[in-house]
2 protein chains.
Amino acid sequence: MTDFAWTREQFHIPLGLIYLDGNSLGPMPKATPARIERMLTEEWSEHLIGGWNACGWMNMPMRLGNRIGRLIGAEDGHVVIGDTLSIKVFQAVSAALQVNPERRVILSDRGNFPSDLYMAQGLADLLDRGHELRLVNPHELEDAITEEVAVLLVTEVDYRTGRRHDLKALTRKAHDMGAMVVWDLAHSAGAVPVDVAAGGADFAVGCTYKYLNAGPGAPAFIYVSPEHADHCEPALAGWLGHARPFAFEHGYRPAEGVERMRVGTPPVMQMAALDAALDVWDKVDMRKLRKRSLELTGLMIEEVETHCPGLKLATPRDNDARGSQVSFRSPNAYPIMQALIDLGVVGDFRAPDILRFGITPLYIGETEIREAVEVLARILRGALWDHPKYQLRKAVT
Amino acid sequence: MTDFAWTREQFHIPLGLIYLDGNSLGPMPKATPARIERMLTEEWSEHLIGGWNACGWMNMPMRLGNRIGRLIGAEDGHVVIGDTLSIKVFQAVSAALQVNPERRVILSDRGNFPSDLYMAQGLADLLDRGHELRLVNPHELEDAITEEVAVLLVTEVDYRTGRRHDLKALTRKAHDMGAMVVWDLAHSAGAVPVDVAAGGADFAVGCTYKYLNAGPGAPAFIYVSPEHADHCEPALAGWLGHARPFAFEHGYRPAEGVERMRVGTPPVMQMAALDAALDVWDKVDMRKLRKRSLELTGLMIEEVETHCPGLKLATPRDNDARGSQVSFRSPNAYPIMQALIDLGVVGDFRAPDILRFGITPLYIGETEIREAVEVLARILRGALWDHPKYQLRKAVT
C-alpha cells in the first residue's frame with residue numbers, strides 16, 4: 001500500500017464525490033467522531049472543570065502547536081494554537097510593528113486574502129498614527145520592499161491563483177531593508193513543505209480547517225521566531241497569555257515565549273478534532289506529499305489544457321511558483337462551477353472569474369483528476385447528458 | 001414534575017458528585033453528544049464546504065445570539081456569538097472609546113475578572129494616547145464615575161465574591177456623566193435575569209461555558225445596543241464582519257448592526273454544543289430560576305453559618321446584591337477545597353482565601369446543598385473518616 005493509499009483510507013468522502021475543495025474546508029477524518037465522543041463522554045462529562053488539568057486541555061494549544069510546527073519547519077515550542085486566523089494576523093502585525101516604531105508602511109499584495117488586509121487596516125485605523133496599508137500586485141511585491149516598510153504581510157500561496165511566493169527570498173529582501181515579515185500560511189500548511197525557521201520568518205500564522213482537516217471553524221496557529229518570542233507584545237493581552245493566569249493578578253505580565261500569544265479560553269472540542277486530524281499528519285512525509293502534489297497539479301493542468309480549450313490557466317506552470325491548487329479563468333466561471341458541484345465535482349468559484357481546485361494528495365489521486373476534467377470538459381461542450389454522473393444525479397433528484 | 005426536576009434530567013452529572021462549579025464550567029447536557037455526532041457525520045462529513053449554507057453554519061452566530069439575547073433582555077438581532085470573552089471585551093471597549101474620543105479614563109473595579117483588565121490595558125497600551133485604566137474597589141465604583149470617564153467596564157457579578165452590581169443604577173450614573181458602559185455578563189447570563197435593553201447598556205459581553213453549559217472553550221457573545229450597532233467600529237475588522245464577505249473586496253466595509261462584530265470563521269462544533277445547551281435554556285423561565293437560585297444560595301449561607309463557624313461569608317446577604325454563587329473566606333481555603341474536591345464536592349478556590357460555590361438550580365437542589373455543607377463541616381471539624389463519602393473515596397482509590 002503506498003503512502004497515499006493509507007491516508008486516503010483515513011478520510012470520509014461521500015460516495016461518488018470528487019472533492020477538490022480541501023483548500024477551503026478539508027474532509028472529515030474517520031477517527032474524528034470517536035475522538036470527539038471521547039472528549040465529550042469521558043473528558044468533559046466525567047471530569048468537568050477538572051478536565052483542564054486531568055485531560056490536558058490547558059496544554060493542548062502548545063502540544064498541538066508543536067505538531068503543526070513540524071509541518072512548517074518551526075523550532076519546538078514556538079507555535080501555539082488558538083482563536084481565528086484573523087485574530088492571529090492582528091497579533092502578529094501588531095507585534096511586528098513594535099519592532100519598527102518609526103516606520104509607517106504595512107506592505108502587502110492584492111493577492112492576499114482580504115481578511116488579512118481588513119485586520120491590518122483595522123489595526124492601522126485603531127493606532128491612528130499614520131500607518132499606510134500599501135498594496136501592490138503580487139509580482140511587484142519584491143521591488144516594493146523598501147526601507148519605508150515596517151512590516152511585510154504576505155500570504156505565501158494565493159487563495160485564488162495558487163501562485164506561491166518565495167518565502168526565503170522575500171524574507172531576505174525584507175530583512176535587508178530592515179522590515180519584519182508576517183507570513184500567512186493558510187494555503188501552505190499541509191499543502192507544501194514550509195520552513196519558517198530556515199526561511200527566517202519573524203511571524204507566521206495559519207488555519208487548520210483547510211489542508212489540515214480539523215473541521216469547520218477549527219482554531220488558528222501562530223509562530224513567533226525565537227528572536228521575538230520573549231520580547232513581543234501580544235496586543236490582545238488575554239489571561240491565558242499571562243505569566244501566571246491563575247494568580248489572578250490585576251496587572252498583565254506576558255508568559256514566556258509564544259505562549260503570550262494565547263488570549264482566552266481555547267475551544268476544546270475543536271482542538272480535539274485537530275488532535276485527530278494531526279494523527280494523520282504525524283505520519284506524512286512533506287517531501288513525498290509535495291512530489292505527489294506536483295504530479296497531480298501538473299496532471300490537472302495538462303488534462304484541462306488538452307480537453308477544455310476555453311479555460312485559461314491562472315496558476316503558474318513553474319513548479320516552484322505554485323502551491324497545491326490549480327485555478328483557471330473563464331467569463332462563465334460561476335455557472336460552470338455550479339454545474340460541476342451539481343454533478344459531484346466540488347471545487348470553488350472565486351469572484352470574478354476563477355475556477356479553483358484544491359489538489360490534496362491525502363485523498364485525491366489521478367483517477368479523480370481525470371474524472372473531474374472529463375465532467376468539466378463535458379459541461380463546456382454541453383455534452384454531458386449521457387455521462388454517468390449526470391445520469392446518477394438525475395436518478396437521485 | 002417541577003421545572004427543575006425536568007432540567008436536572010437534561011444533564012450528565014457523574015454518580016455521587018455534587019457539582020458546585022457550574023459557574024466555572026457547566027456540566028454536559030445529555031443531548032450534546034448526539035448533536036455533535038450529527039454535526040460531524042451528517043453535516044461536515046456529508047456536506048463538506050456546502051455545510052456553511054446547507055446546514056446553516058454561517059448564520060449560527062446570529063441565530064444562537066438571538067437565543068442568548070432572550071436570557072439577557074436584548075433586542076432581537078443585537079447579539080452575536082464568536083471568539084472568546086477576552087476578544088469581545090477588546091472589541092466592546094475599543095468601540096466604546098470611539099464614542100468618547102476626548103476622554104482618557106477606562107474605569108473598572110478590582111473585583112473585575114483579570115482578563116478584562118488585561119485586555120483593556122493592552123488596548124490602552126496599543127492606542128498609546130494616554131488612556132488610564134483606573135481601578136477602584138467595587139463599593140467605590142459608583143462614586144468614581146465622573147465626567148473624566150470614557151468607558152465604564154464592569155462585570156456585573158464578581159467572580160470571587162458573587163457580589164452583584166446594580167446594572168441599571170451604574171448605567172444611569174455613567175450616562176449622566178456622559179460615559180459609555182460595557183457590561184461583562186460572564187457570571188450573569190443564565191445565573192440571574194438580565195435586561196440589557198431596559199438597563200440601557202451600551203455594550204455587553206459574556207461567555208457560554210459557565211451557566212449556559214456549552215462546554216469547555218465555548219464561544220463568547222457580544223451585545224451592541226441599537227444606538228451603537230450601526231455606527232461602532234469593530235476594531236478587529238475580520239472578513240465575516242464585512243458587509244459582503246464573499247465579494248472579497250480589498251477594502252473593509254462593516255456589516256449592518258452587531259454582525260460587524262464577527263471576526264473570523266466561527267467554531268462550528270462548539271456552536272453545535274451551544275445549540276444543544278440552549279435547547280434546555282429555551283424552556284427556562286428566568287424569574288423562576290432566580291427565585292430558586294435565591295432560595296438555594298440563602299440555604300447555603302444559612303447551613304454554612306450554622307455548621308461551619310470558621311468560615312466567613314464573602315457574598316452579600318442582600319438578595320439583590322448577589323448573583324448565583326456563594327463564597328466564604330478562610331485562611332485554609334486552598335486545602336479545604338482540595339479536601340472537598342477529593343470527597344466529590346466540587347467548588348473552586350480563588351486566591352488568596354476564597355471558597356467559591358456555584359449554585360445552579362438547573363441541576364442543584366436542597367439535598368446537594370445540605371450534603372455539601374455536611375462534608376464541608378466534617379472537614380473543618382476533622383471528623384470525616386466515618387462519612388460515607390470518605391469511605392466511598394477510600395474504597396475506589
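## Start between the chains

Across the interface of chain A and chain B, the rule finds zero salt bridges (a salt bridge being a side-chain nitrogen of Lys or Arg within 4 Å of a carboxyl oxygen of Asp or Glu). Before going on, some housekeeping: this is a predicted model, where local features need pLDDT of at least 70 and side-chain atom pairs count only at pLDDT 80 or more, while totals for chains, interfaces and linings use all residues. Residues are numbered from 1 along each chain as its sequence is written, chains are lettered from A and ligands numbered from 1 in the order in which they are written, and side-chain values use heavy atoms, with hydrogens and water left out.

Show both chains and look at where they meet. Chain A puts 74 residues into the contact and chain B puts in 74 residues, contact meaning heavy atoms within 4.5 Å. About 6200 Å² is buried between chain A and chain B, and carbon and sulfur atoms give 72% of that. Buried area here is the accessible area (1.4 Å probe) that two parts lose on being put together, summed over both. Now select A:Trp44, A:Tyr118 and A:His250: in chain A they lose the most area to chain B, together 13% of what that side buries.

Polar contacts do turn up here: 27 residue pairs between chain A and chain B, both residues at pLDDT 80 or more. A polar contact is a pair of N or O atoms within 3.5 Å; within protein, one must be able to donate a hydrogen and the other to accept it, and residues adjacent in sequence count only if both atoms are side-chain atoms.

Helices (H or I, at least four residues) and strands (E, at least two) are DSSP runs, numbered from the N terminus.

## Into the core

Next, select A:Ile72, A:Phe90, A:Met300, A:Phe357, B:Ile72, B:Phe90 and B:Phe357. In the largest nonpolar core, with its 288 residues, these touch the most other members. A nonpolar core is a set of buried Ala, Val, Leu, Ile, Met, Phe, Trp, Tyr and Cys residues joined through side-chain atoms within 4.5 Å. Buried means under 20% relative accessible area, exposed over 50%, and partly exposed in between (1.4 Å probe, protein chains only).

Zoom in on B:Ile72. Setting aside neighbours within four places in sequence, its contacts include B:Val79, B:Leu185, B:Phe221 and B:Tyr223.

## Pairs of opposite charge

Side chains of opposite charge can pair when their charged atoms come close.

- Pick A:Glu303 and A:Arg370, whose side chains meet in a salt bridge at 3.3 Å, N to O. This pair links distant parts of the chain, with A:Glu303 in helix α12 (residues 286-307) and A:Arg370 in helix α14 (residues 366-381) of chain A, 67 residues apart. A:Glu303 is buried at 12% relative accessibility, whereas A:Arg370 is partly exposed at 40%.
- Jump to B:Glu374 and B:Arg378, where the closest N and O atoms of the salt bridge are 3.5 Å apart. Both lie in helix α14 of chain B, four residues apart, about one turn of the helix. B:Glu374 is partly exposed at 38%, and B:Arg378 is buried at 16%.
- Select A:Arg35, A:Arg38, A:Glu43, A:Arg67, A:Asp275, A:Asp279 and A:Asp282 together to see a network of salt bridges.

## Stops in the loops

Is B:Lys283 buried or exposed? B:Lys283 is exposed, with a relative accessible area of 58%. Find this residue in the loop between α11 (268-281) and α12 (286-307) of chain B. The side chain of B:Lys283 reaches the backbone oxygen of B:Asp279 at 3.4 Å.

Most residues other than glycine have a negative phi, and most peptide bonds are trans.

- A:Asn213 has a positive phi of about 65°, and is buried with a relative accessible area of 1%.
- B:Ala235 has phi near 70°, and is buried at 7%.
- A cis peptide bond joins A:Ala351 and A:Pro352, with omega about 0°. A:Pro352 lies in the loop between β14 (348-350) and β15 (354-358) of chain A.
- In chain B, the peptide bond from B:Ala351 to B:Pro352 is cis, with omega near 0°.
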